[in-house]
Amino acid sequence: MLQTIGQRVRAAREQHGISQAELARRLKASVNAINMLEQDAILDPRASRIIGVARELGVTTDYLL
């Protein structure tokens with residue numbers, strides 16, 4: 001089964017031992033925004049958000065997408 005963007009973000013975040021709150025702080029975003037991203041409630045996340053998440057979690061944008 002294919003993973004969604006949200007599932008990949010959550011897996012990478014948990015693998016690095018980073019909380020949603022910490023990731024939000026690093027990205028200057030709200031915890032709610034990170035939660036919504038992980039729940040796939042944001043259907044078309046901004047490219048800048050995906051790039052930032054990838055950078056903070058040490059993964060590629062290709063992996064997330």
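The model is predicted, and local features were considered at pLDDT of at least 70 and side-chain atom pairs at pLDDT 80 or more, whereas totals for chains, interfaces and linings use all residues. Residues are numbered from 1 along each chain as its sequence is written, and side-chain values use heavy atoms, with hydrogens and water left out.

The largest nonpolar core has 13 residues. A nonpolar core is here a set of buried Ala, Val, Leu, Ile, Met, Phe, Trp, Tyr and Cys residues joined through side-chain atoms within 4.5 Å. Buried stands for under 20% relative accessible area, exposed for over 50%, and partly exposed for values in between (1.4 Å probe, protein chains only). The residues with the most contacts inside this core are Val9, Leu23, Leu27, Ile34, Val53, Leu57 and Leu64. At least two core residues are supplied by each of helix H1 (5–15), helix H2 (20–27), helix H3 (31–38) and helix H4 (47–57). Helices are DSSP runs (H or I, at least four residues), as are strands (E, at least two), numbered from the N terminus. H4 contributes four residues, the largest share of this core. With neighbours within four places in sequence left aside, Val9 is in contact with Leu37, Glu38, Val53, Leu57 and Leu64, where contact means heavy atoms within 4.5 Å.

Two packed helices are described by the angle between their axes and the distance between the axes. Axes are lines fitted to C-alpha atoms, for helices over the stretch in contact, and angles run from 0 to 180 degrees between N-to-C directions. H1 and H4 have axes 10 Å apart and pack at an angle of about 25 degrees. This makes H1 roughly parallel to H4; angles under 35 degrees count as roughly parallel, over 145 as roughly antiparallel, 65 to 115 as roughly perpendicular and the rest as oblique. The crossing of H1 and H4 is left-handed. A crossing is given this hand if the near helix is turned anticlockwise from the far one by less than a right angle, and is right-handed if clockwise. On the H1 side, Ile5, Val9, Ala12 and Arg13 meet Ile50, Val53 and Leu57 of H4. The residues of this contact comprise six nonpolar, no polar and one charged. In this classification Ala, Val, Leu, Ile, Met, Phe, Trp, Tyr, Cys and Pro are nonpolar, Asp, Glu, Lys and Arg are charged, and the others, Gly among them, are polar.

The axes of H2 and H4 cross at roughly 115 degrees and come within 10 Å. The crossing of H2 and H4 is right-handed. Leu23, Arg26 and Leu27 of H2 make the contact with Arg49, Gly52, Val53, Glu56 and Leu57 of H4. By class, the contact of H2 with H4 holds four nonpolar, one polar and three charged residues.

Not counting residues up to four places away in sequence, Arg13 touches Ile18, Ser19, Gln20, Leu23, Glu38 and Leu57. Apart from neighbours within four places in sequence, Glu38 is in contact with Gly6, Gln7, Val9, Arg10, Arg13 and Gln20.

The remaining residues lie in loops. Asp40 is found in the loop between H3 and H4 and counts as partly exposed, at 27% relative accessibility. Phi of Asp40 is near 60 degrees, a positive value in a residue other than glycine. The C-alpha atoms of Asp40 and Ile5 are separated by 7.1 Å, and these residues are 35 apart along the chain. With neighbours within four places in sequence excluded, Asp40 is in contact with Thr4, Ile5, Gly6 and Gln7. Ala41 is found in the loop between H3 and H4 and counts as partly exposed, at 48% relative accessibility. A distance of 22 Å separates the C-alpha atoms of Ala41 and Gln15, which are 26 residues apart along the chain. Lys28 lies in the loop between H2 and H3 and is exposed, at 79% relative accessibility. Phi of Lys28 is near 55 degrees, a positive value in a residue other than glycine.
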